[in-house]
Amino acid sequence: MAKAKPMNRMAIENTSLSFETQGMGEPVVLIHGALVADSFRPLIRQTGLSSNYRLITYDRRGYGNSGRASDVLSIEAQAADCRSLMDHLGVKRAHVVGHSLGGSIALPLARWAPEVVNSLVLIEPALAVEGSAEEYRASLRGARRRYREAGAETFVEEFLNARVSGDGRELLDREVPGAFDQAVSDAETAFEIDIAGLLDWTFLKPDAREIAQPVLLLLGRKSIALSPRFQDAYDALLSWLPHAEGRILPDVAHLMPIENPQVVAAMIEEFFERHPIVQDS
(Lines give C-alpha, C1' and ligand atoms only; values in the text may rest on other atoms or scores of the structure.)
Protein backbone atom coordinates (compact mmCIF):
# COMPACT_ATOMS: atom_id res chain seq x y z
CA MET A 1 0.00 0.00 0.00
CA ALA A 2 1.34 3.43 -0.93
CA LYS A 3 2.45 5.64 1.90
CA ALA A 4 0.44 8.68 2.95
CA LYS A 5 1.55 11.70 0.97
CA PRO A 6 2.31 15.14 2.45
CA MET A 7 -0.78 17.25 2.95
CA ASN A 8 0.58 20.78 2.45
CA ARG A 9 -1.09 22.07 -0.67
CA MET A 10 -1.11 25.06 -2.97
CA ALA A 11 -3.72 25.78 -5.64
CA ILE A 12 -2.40 26.10 -9.16
CA GLU A 13 -4.63 26.79 -12.16
CA ASN A 14 -7.41 24.16 -11.99
CA THR A 15 -5.52 21.73 -9.75
CA SER A 16 -3.14 21.68 -6.77
CA LEU A 17 0.39 20.73 -5.80
CA SER A 18 1.28 18.78 -2.66
CA PHE A 19 4.56 19.72 -0.99
CA GLU A 20 6.56 19.46 2.20
CA THR A 21 9.50 21.29 3.72
CA GLN A 22 11.95 20.30 6.41
CA GLY A 23 15.05 21.77 7.97
CA MET A 24 16.38 25.30 8.10
CA GLY A 25 18.98 27.17 6.12
CA GLU A 26 19.43 27.96 2.47
CA PRO A 27 16.46 26.61 0.50
CA VAL A 28 16.89 23.59 -1.77
CA VAL A 29 14.12 22.66 -4.20
CA LEU A 30 14.15 19.02 -5.32
CA ILE A 31 12.32 18.09 -8.55
CA HIS A 32 11.59 14.40 -8.93
CA GLY A 33 11.67 12.52 -12.21
CA ALA A 34 9.15 10.33 -13.97
CA LEU A 35 7.41 7.50 -12.16
CA VAL A 36 9.05 7.53 -8.69
CA ALA A 37 7.85 10.65 -6.89
CA ASP A 38 9.64 9.64 -3.68
CA SER A 39 13.07 9.15 -5.24
CA PHE A 40 14.54 11.88 -3.00
CA ARG A 41 13.25 10.48 0.28
CA PRO A 42 16.45 8.56 1.17
CA LEU A 43 18.49 11.62 0.19
CA ILE A 44 16.67 14.03 2.48
CA ARG A 45 17.22 11.67 5.42
CA GLN A 46 20.96 12.35 5.18
CA THR A 47 21.91 14.50 8.16
CA GLY A 48 24.26 16.84 6.30
CA LEU A 49 21.50 18.07 4.04
CA SER A 50 18.58 17.93 6.45
CA SER A 51 20.52 19.70 9.23
CA ASN A 52 21.92 22.53 7.14
CA TYR A 53 19.35 23.29 4.46
CA ARG A 54 15.65 23.92 4.06
CA LEU A 55 14.64 21.02 1.82
CA ILE A 56 11.55 21.50 -0.33
CA THR A 57 10.03 18.50 -2.08
CA TYR A 58 6.79 18.36 -4.01
CA ASP A 59 4.70 15.98 -6.06
CA ARG A 60 4.49 17.16 -9.64
CA ARG A 61 1.04 17.28 -11.22
CA GLY A 62 -0.47 13.81 -11.44
CA TYR A 63 1.78 12.34 -8.76
CA GLY A 64 1.11 11.37 -5.19
CA ASN A 65 -1.28 13.71 -3.44
CA SER A 66 -1.15 16.45 -6.08
CA GLY A 67 -4.06 17.05 -8.40
CA ARG A 68 -4.22 15.24 -11.68
CA ALA A 69 -2.89 16.70 -14.90
CA SER A 70 -5.80 17.30 -17.27
CA ASP A 71 -3.66 17.26 -20.41
CA VAL A 72 -0.10 16.86 -21.63
CA LEU A 73 2.23 19.25 -19.79
CA SER A 74 5.20 20.80 -21.52
CA ILE A 75 8.56 20.81 -19.77
CA GLU A 76 8.28 24.59 -19.66
CA ALA A 77 4.88 24.40 -17.94
CA GLN A 78 6.35 22.09 -15.32
CA ALA A 79 9.17 24.58 -14.75
CA ALA A 80 6.51 27.25 -14.25
CA ASP A 81 4.84 25.04 -11.64
CA CYS A 82 8.11 24.89 -9.71
CA ARG A 83 8.49 28.66 -9.89
CA SER A 84 4.91 29.08 -8.63
CA LEU A 85 5.66 26.85 -5.67
CA MET A 86 8.74 28.90 -4.80
CA ASP A 87 6.66 32.08 -4.95
CA HIS A 88 4.01 30.47 -2.74
CA LEU A 89 6.64 29.61 -0.14
CA GLY A 90 8.32 33.01 -0.32
CA VAL A 91 11.55 31.53 -1.66
CA LYS A 92 13.36 34.24 -3.57
CA ARG A 93 16.42 32.19 -4.52
CA ALA A 94 17.28 28.52 -4.06
CA HIS A 95 19.56 25.69 -5.00
CA VAL A 96 17.69 23.37 -7.38
CA VAL A 97 18.22 19.62 -7.68
CA GLY A 98 16.60 17.71 -10.54
CA HIS A 99 16.64 13.96 -11.09
CA SER A 100 15.97 12.48 -14.54
CA LEU A 101 12.98 14.32 -16.01
CA GLY A 102 13.22 16.62 -12.99
CA GLY A 103 16.63 17.66 -14.30
CA SER A 104 15.03 18.53 -17.62
CA ILE A 105 12.51 20.71 -15.77
CA ALA A 106 15.28 22.44 -13.82
CA LEU A 107 17.11 23.52 -16.99
CA PRO A 108 14.47 25.91 -18.40
CA LEU A 109 13.76 27.17 -14.88
CA ALA A 110 17.41 28.22 -14.57
CA ARG A 111 17.41 29.65 -18.08
CA TRP A 112 14.22 31.70 -17.89
CA ALA A 113 14.21 32.61 -14.20
CA PRO A 114 17.90 32.95 -13.33
CA GLU A 115 17.08 35.24 -10.42
CA VAL A 116 15.49 32.36 -8.46
CA VAL A 117 18.08 29.63 -9.20
CA ASN A 118 21.38 29.97 -7.36
CA SER A 119 22.90 26.66 -8.45
CA LEU A 120 21.85 23.48 -10.20
CA VAL A 121 22.46 19.81 -9.48
CA LEU A 122 21.43 17.61 -12.41
CA ILE A 123 21.24 13.88 -11.73
CA GLU A 124 21.17 12.15 -15.12
CA PRO A 125 18.70 14.57 -16.74
CA ALA A 126 16.41 13.19 -19.44
CA LEU A 127 17.91 14.67 -22.60
CA ALA A 128 17.83 13.49 -26.19
CA VAL A 129 21.16 14.77 -27.53
CA GLU A 130 24.10 13.74 -29.65
CA GLY A 131 24.30 10.31 -31.28
CA SER A 132 21.77 8.61 -29.01
CA ALA A 133 19.02 11.22 -29.46
CA GLU A 134 16.83 9.33 -31.91
CA GLU A 135 17.34 6.03 -30.14
CA TYR A 136 16.28 7.61 -26.86
CA ARG A 137 13.18 9.17 -28.40
CA ALA A 138 12.27 5.81 -29.94
CA SER A 139 12.71 4.14 -26.55
CA LEU A 140 10.33 6.65 -24.97
CA ARG A 141 7.68 5.95 -27.59
CA GLY A 142 8.26 2.22 -27.12
CA ALA A 143 7.88 2.56 -23.36
CA ARG A 144 4.51 4.23 -23.79
CA ARG A 145 3.32 1.45 -26.12
CA ARG A 146 4.56 -1.25 -23.76
CA TYR A 147 2.82 0.41 -20.79
CA ARG A 148 -0.47 0.39 -22.69
CA GLU A 149 -0.01 -3.28 -23.64
CA ALA A 150 1.31 -4.75 -20.38
CA GLY A 151 -0.53 -2.65 -17.81
CA ALA A 152 0.87 -0.52 -15.01
CA GLU A 153 2.27 -3.02 -12.50
CA THR A 154 4.04 -5.23 -15.02
CA PHE A 155 5.58 -2.39 -16.93
CA VAL A 156 6.59 -0.35 -13.88
CA GLU A 157 8.65 -3.35 -12.76
CA GLU A 158 10.21 -3.68 -16.22
CA PHE A 159 10.88 0.06 -16.41
CA LEU A 160 12.65 0.12 -13.04
CA ASN A 161 14.74 -2.96 -13.81
CA ALA A 162 16.03 -1.25 -16.97
CA ARG A 163 17.33 1.66 -14.88
CA VAL A 164 19.04 0.00 -11.94
CA SER A 165 21.78 -2.58 -11.70
CA GLY A 166 19.57 -5.08 -9.85
CA ASP A 167 15.93 -5.61 -8.93
CA GLY A 168 14.15 -2.25 -9.06
CA ARG A 169 11.08 -3.34 -7.15
CA GLU A 170 13.16 -4.87 -4.37
CA LEU A 171 15.22 -1.67 -4.14
CA LEU A 172 12.14 0.50 -3.73
CA ASP A 173 10.44 -1.85 -1.28
CA ARG A 174 13.59 -1.90 0.86
CA GLU A 175 14.64 1.75 0.74
CA VAL A 176 11.37 3.62 0.12
CA PRO A 177 8.49 1.49 1.43
CA GLY A 178 5.30 2.16 -0.48
CA ALA A 179 7.07 3.79 -3.43
CA PHE A 180 6.49 0.90 -5.83
CA ASP A 181 2.75 0.88 -5.21
CA GLN A 182 2.69 4.65 -5.57
CA ALA A 183 4.60 4.38 -8.86
CA VAL A 184 1.99 1.96 -10.18
CA SER A 185 -0.71 4.45 -9.19
CA ASP A 186 1.19 7.29 -10.90
CA ALA A 187 2.13 5.32 -14.02
CA GLU A 188 -0.50 6.94 -16.22
CA THR A 189 1.03 10.35 -15.56
CA ALA A 190 4.54 9.04 -16.21
CA PHE A 191 3.77 7.34 -19.51
CA GLU A 192 0.95 9.44 -20.92
CA ILE A 193 1.81 12.92 -19.61
CA ASP A 194 5.53 13.06 -18.88
CA ILE A 195 6.71 11.15 -21.94
CA ALA A 196 4.54 13.19 -24.28
CA GLY A 197 5.90 16.44 -22.85
CA LEU A 198 9.48 15.20 -23.04
CA LEU A 199 9.10 14.11 -26.67
CA ASP A 200 7.96 17.62 -27.57
CA TRP A 201 10.96 19.27 -25.89
CA THR A 202 14.44 19.98 -27.16
CA PHE A 203 17.42 21.43 -25.34
CA LEU A 204 20.58 22.14 -27.30
CA LYS A 205 23.86 24.02 -27.01
CA PRO A 206 22.46 27.55 -27.59
CA ASP A 207 19.95 26.96 -24.78
CA ALA A 208 22.65 25.69 -22.44
CA ARG A 209 24.93 28.65 -23.12
CA GLU A 210 22.29 30.92 -21.54
CA ILE A 211 22.57 29.19 -18.16
CA ALA A 212 25.14 31.09 -16.13
CA GLN A 213 24.67 29.38 -12.76
CA PRO A 214 27.15 26.82 -11.44
CA VAL A 215 26.02 23.30 -12.30
CA LEU A 216 26.96 19.92 -10.85
CA LEU A 217 26.34 16.93 -13.15
CA LEU A 218 26.10 13.47 -11.61
CA LEU A 219 26.37 10.26 -13.64
CA GLY A 220 26.25 6.68 -12.42
CA ARG A 221 28.96 4.47 -13.87
CA LYS A 222 26.51 1.59 -14.17
CA SER A 223 24.11 3.80 -16.14
CA ILE A 224 26.69 4.04 -18.90
CA ALA A 225 26.25 0.32 -19.60
CA LEU A 226 22.45 0.61 -19.55
CA SER A 227 22.10 3.17 -22.35
CA PRO A 228 24.42 5.50 -24.32
CA ARG A 229 22.02 8.38 -23.71
CA PHE A 230 23.28 8.81 -20.14
CA GLN A 231 26.89 9.40 -21.22
CA ASP A 232 25.81 11.54 -24.18
CA ALA A 233 23.76 13.87 -21.99
CA TYR A 234 26.54 14.13 -19.40
CA ASP A 235 29.24 14.89 -22.00
CA ALA A 236 27.07 17.38 -23.89
CA LEU A 237 26.07 19.37 -20.83
CA LEU A 238 29.60 19.32 -19.46
CA SER A 239 30.82 20.96 -22.65
CA TRP A 240 27.82 23.23 -23.31
CA LEU A 241 27.12 24.75 -19.91
CA PRO A 242 29.44 27.67 -19.12
CA HIS A 243 30.02 26.72 -15.48
CA ALA A 244 29.57 22.97 -15.17
CA GLU A 245 31.51 20.29 -13.34
CA GLY A 246 30.87 16.58 -13.36
CA ARG A 247 31.19 13.56 -11.10
CA ILE A 248 30.87 9.91 -12.13
CA LEU A 249 29.75 7.73 -9.23
CA PRO A 250 30.82 4.08 -9.13
CA ASP A 251 28.45 1.21 -8.32
CA VAL A 252 25.20 3.09 -9.00
CA ALA A 253 22.82 3.55 -11.90
CA HIS A 254 19.91 5.85 -12.64
CA LEU A 255 18.23 5.62 -9.23
CA MET A 256 21.38 6.78 -7.46
CA PRO A 257 19.53 8.95 -4.88
CA ILE A 258 18.03 5.69 -3.62
CA GLU A 259 20.95 3.35 -4.34
CA ASN A 260 23.61 5.41 -2.54
CA PRO A 261 22.06 8.49 -0.90
CA GLN A 262 25.03 9.02 1.42
CA VAL A 263 27.51 9.64 -1.39
CA VAL A 264 25.06 11.66 -3.48
CA ALA A 265 24.14 13.85 -0.51
CA ALA A 266 27.78 14.46 0.38
CA MET A 267 28.59 15.58 -3.17
CA ILE A 268 25.58 17.88 -3.28
CA GLU A 269 26.35 19.44 0.10
CA GLU A 270 29.99 20.06 -0.82
CA PHE A 271 28.85 21.76 -4.03
CA PHE A 272 26.35 23.97 -2.20
CA GLU A 273 29.01 24.99 0.31
CA ARG A 274 31.17 26.27 -2.54
CA HIS A 275 28.26 28.19 -4.07
CA PRO A 276 26.34 29.80 -1.19
CA ILE A 277 23.32 31.97 -1.71
CA VAL A 278 24.26 35.61 -1.34
CA GLN A 279 21.37 37.61 0.05
CA ASP A 280 20.54 40.97 -1.49
CA SER A 281 21.71 43.85 0.69
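Which β-α-β unit do S5, helix H4 and S6 make? In this predicted model, strand S5, helix H4, which spans residues 101-112, and strand S6 make a right-handed β-α-β unit. The two strands of the unit, S5 (residues 94-99) and S6, pair with each other in the parallel sense, and 6 bridges join them. Within this pairing, His99 has Ile123 of S6 as its bridge partner.

The unit belongs to an open sheet of 8 strands with mixed pairing, in which the strands follow the order S1-S2-S4-S3-S5-S6-S7-S8. At the edges of the sheet stand strand S1 (8-12) and strand S8 (244-249), and because each has a single partner strand, one side of each is left without a neighbour in the sheet. From one strand to the next, the twist averages 25°. Elsewhere in the sheet, strand S3 (residues 26-31) and strand S4 (residues 53-59) run parallel and are joined by 5 bridges, with Leu30 standing opposite Thr57 in S4.

Strand S6 also pairs with strand S7 (residues 215-220), again in the parallel sense, over 4 bridges, and here Leu122 stands opposite Leu217 in S7. Of the 7 residues of S6 (residues 117-123), 7 are buried, so this strand is largely enclosed by the rest of the structure. Helix H11, formed by residues 228-240, lies across S6, S7 and S8, and runs at about 155° to S8.

Most residues other than glycine have a negative phi. Ser100, however, which is not a glycine, has a positive phi near 60°; this residue has its place in the loop between S5 and H4 and counts as buried, at 11% relative accessibility. Glu124 likewise is not a glycine and has a positive phi, of about 45°; it is found in the loop between S6 and helix H5 (133-150), and it too is buried, with a relative accessible area of 4%.

Attention may now turn to the packing of side chains. In soluble globular proteins, nonpolar side chains tend to be buried together. The largest nonpolar core in this model has 72 residues, and those with the most contacts inside it are Val29, Leu35, Leu120 and Phe191. Helix H8 (residues 179-199) gives the most to this core, contributing 9 residues.

In the case of Phe271 and Phe272, the ring centres are 6.3 Å apart and the planes stand at 45°, so the pair is tilted. Both of these residues are enclosed in the sense of surface accessibility: Phe271 is buried, with a relative accessible area of 0%, and Phe272 counts as buried at 1% relative accessibility.

Note on methods:
Residues are numbered from 1 along each chain as its sequence is written. This is a predicted model: local features need pLDDT of at least 70, side-chain atom pairs count only at pLDDT 80 or more; totals for chains, interfaces and linings use all residues. Side-chain values use heavy atoms; hydrogens and water are left out. Buried means under 20% relative accessible area, exposed over 50%, partly exposed in between (1.4 Å probe, protein chains only). Two strands pair if DSSP finds at least two bridges between them. A crossover is right-handed if, with the strands pointing away from the viewer, the path from the first strand over the helix to the second runs clockwise. A nonpolar core is a set of buried Ala, Val, Leu, Ile, Met, Phe, Trp, Tyr and Cys residues joined through side-chain atoms within 4.5 Å. Axes are lines fitted to C-alpha atoms, for helices over the stretch in contact, and angles run from 0 to 180 degrees between N-to-C directions. Contact means heavy atoms within 4.5 Å. Rings of Phe, Tyr and Trp (its six-membered ring) pair if their centres lie within 6.5 Å; planes under 30 degrees apart count as stacked, over 60 as edge-to-face and the rest as tilted.
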